[in-house]
Amino acid sequence: MRLRRYSRVLLEDLLIDVYCGVLTNILQRRYGWDRAPLKLVNHGPKLQLWELDAERSRISKTVQRSGLALLISCSHRVVSRPMLSACCERWQPETTTFHLPFGEMTITLDDVASILHIPVTGSMISFSQPLQVDDANALLVELLGTTDVEASREMEQCRSPSVRLLWLRENFSTITDVSSDDDIEFATRAFLLHLVGCTLFADKSATSVGVVYLELFRDLSMVGSYAWGAACLAFLYRQLNTATRFEVRQLGGYLTLLQAWIYEHFPEMFSSPDLSYIESRPRALRWRPHVILDSLQSVRERLDRLQSSDVCWEPYVDHRAEHPFPNIAWFSGCIKCGLVVDPYHPERILRQFGYIRTIPLRPFAPPRPDRSMLLDQYWERWTGHVLTDQSRGRRCQYSGSGESVAEYMAWYDCISHRIVQPPHLRSCFTTDAGSSLPSHTASTSDNRNARALSLLRHVISGGRQQSADYFWGALNEEHSILAGSNETSESHSTPSPAPASHSTPSPATRPFFSPPTFVYPPPALVDPPPASDDPPPLIVPPPPTSVAPPAPTVDPSAPAPDSIASTTVYVHSKRKKKT
């Protein structure tokens, strides 16, 4: 008996978990279930835990010569989840651009150079093959001076050829100028690895950095010769590509770059400028990062109402005297970060360079990572792979407008969606006066989907604490709503399972979600309205509660029992239960 009862509990838990997952997945993909804001990986506060003070001047000088020292001060301590999540939803991996209501925009090499002031020209960061654990162990021993046992233990804890950021700080942050030359060299490599792991190559592990980047710091005098800006952009492109997948709940990459880019191009919507900023500093320091208190739905609607006149197309005009425009931003091809290869299409965002937008060519697919070594040669001879003057077209006459050819918007409507927020999930079903977006009204299907989503949110919020009968009732009511049943009232916000009928329903009236026959005891069903050919269900009224039942007669000759007992018999199990 105990085994059967325990099996029933396990089966109920299993059914609840399975149906919660299946129904959530179905309604998310088919009926517009909303996705929560992404979890953001930001290591801005961790950079302050390892400071290069006067006692570490030798390490500081090497970091300054690498061209990466400004990342310490540029990194934002706070990033906004609703703003970055809403912008990530408009990212298209095929074109590596944001699809906005008025056209395409993206983060360019000019943005990286102006926002971060890191080199965008130089040698491409490239690896021939993935780093194995044994090779990573040898790198740690050779370039950081750790023991073989300690390196193996650290990678075993990370379960990958990676090391924790905390491990780097604990083992190398105490080294000062009075240490030996080898220890200072090891600490410098560890600091640079910690720096790029917190900024340029912040992955979704949120705690570790790949040992493969340690190879870039083998010769500390050559660190400044790499195109760190191009590698950072390629890594961010790949993180955005991954975050657009429905099952992904996290966003990595250098989010300071993404957030500062949004501040620069949409200053009236999100930004909070720092009035003490001077143009000789990186543009990431121009803004005071703050948390947007708006919901994800509100930010989506603001982006849906965005017009071309609301965009700052050329935000770095005042910055050109200190930081000229890099011609490599016109490079048309693929950019790399190790084995990550993504296309870079400046011809799709000509308006960001001050030119009239035209209909671009079909985006090209990047080659496989193991066949991308030829891209390094293209990158080294990048001057022969930039857009020509003929490909750029004509310059815009007005700096504040988003000029384009006459056929551009008609073509854009055929290949993209200008509106992201579904009509039934908006705050209002009609747009504001003067908006360029079409007006939407709530249809019957919109109301039906909204009711189904509201019911499912209530059911799933209860989790496994609810009974199996409750879930069967919810499943049948969900089916009735989505099937367009007129019998389901709009006031049904919480399911309440009806009493189970003793007769088996006919195929025409059997619920869509019928319980399995092996469940003990059988859960109650919410039967839909019977068909016209079926007899009405038999309703047995409950016994009146006001009239007390007659007292049982006791035989005086019968022996007196020790205790009064009553017996209840279950029909399905034929077991007796004492009460």
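What percentage of the 579 residues of the protein chain count as buried? The share is 44%, where buried means under 20% relative accessible area, exposed means over 50%, and partly exposed lies in between (1.4 Å probe, protein chains only). This is a predicted model, in which local features need pLDDT of at least 70, side-chain atom pairs count only at pLDDT 80 or more, and totals for chains, interfaces and linings use all residues. Residues are numbered from 1 along each chain as its sequence is written, and side-chain values use heavy atoms, with hydrogens and water left out.

**Figure 1. The protein chain as a whole.** The protein chain has 17 helices and 11 strands; helices (H or I, at least four residues) and strands (E, at least two) are DSSP runs, numbered from the N terminus. Among contacts in the protein chain with a separation of 6 or more, 76% join residues 24 or more positions apart. A contact means heavy atoms within 4.5 Å.

**Figure 2. The ring pair of Trp 50 and Phe 191.** Searching the whole structure gives 21 aromatic pairs. The centres of the Trp 50 and Phe 191 rings are 5.2 Å apart and their planes stand at 90°, so this pair is edge-to-face. Rings of Phe, Tyr and Trp (its six-membered ring) pair if their centres lie within 6.5 Å; planes under 30 degrees apart count as stacked, over 60 as edge-to-face and the rest as tilted. Trp 50 belongs to the loop between β1 (39-40) and α2 (57-66), and Phe 191 to helix α9 (residues 181-198), so the pair links distant parts of the chain, 141 residues apart. Trp 50 and Phe 191 are both buried.

**Figure 3. The ring pair of Trp 167 and Phe 172.** With centres 6.1 Å apart and planes at 80°, the rings of Trp 167 and Phe 172 form an edge-to-face pair. Trp 167 is buried, at a relative accessible area of 4%, and Phe 172 is buried at 5%.

**Figure 4. A ring cluster and two charges over rings.** Ring pairs join Phe 127, Phe 201, Tyr 213, Phe 217, Tyr 226, Trp 228 and Phe 235 in a cluster. In another view, the charged end of Arg 249 sits over the ring of Phe 246, 5.6 Å from the ring centre. The charged end of Arg 392 sits over the ring of Trp 330, 4.1 Å from its centre. A charge sits over a ring if NZ of Lys or CZ of Arg is within 6 Å of the ring centre and within 35 degrees of the ring normal.

**Figure 5. Helix α6 and its buried side.** Helix α6 (residues 133-144) has 12 residues, which at 1.5 Å a residue should span 16 Å; the end C-alpha atoms are 16 Å apart, in agreement. The expected span of a helix is 1.5 Å times one less than its number of residues. Ala 136, Asn 137, Leu 139, Leu 140, Leu 143 and Leu 144 are the buried residues of α6. These residues cover an arc of only 160° around the axis, so they lie on the same side of α6; the arc is that of the directions from the helix axis to the C-beta atoms. An α-helix has 3.6 residues a turn, so residues three or four places apart point the same way. The buried residues of α6 pack against α7 (148-158), β5 (162-164), α8 (165-172) and α9. After α6 comes Gly 145, with a positive phi near 75°.

Figure 6. Most residues other than glycine have a negative phi. Ala 206, in the loop between α9 and β6 (208-210), has a positive phi near 70° and is partly exposed at 23% relative accessibility. Arg 159, in the loop between α7 and β5, has a positive phi near 60° and is exposed at 78% relative accessibility.

**Figure 7. Cysteines.** The whole structure has 0 disulfides, a disulfide being a pair of cysteine sulfur atoms within 2.5 Å. The closest cysteine sulfur to that of Cys 337 is in Cys 232, 8.3 Å away, too far for a bond. Cys 337 is buried at 3% relative accessibility, whereas Cys 414 is exposed at 68%.
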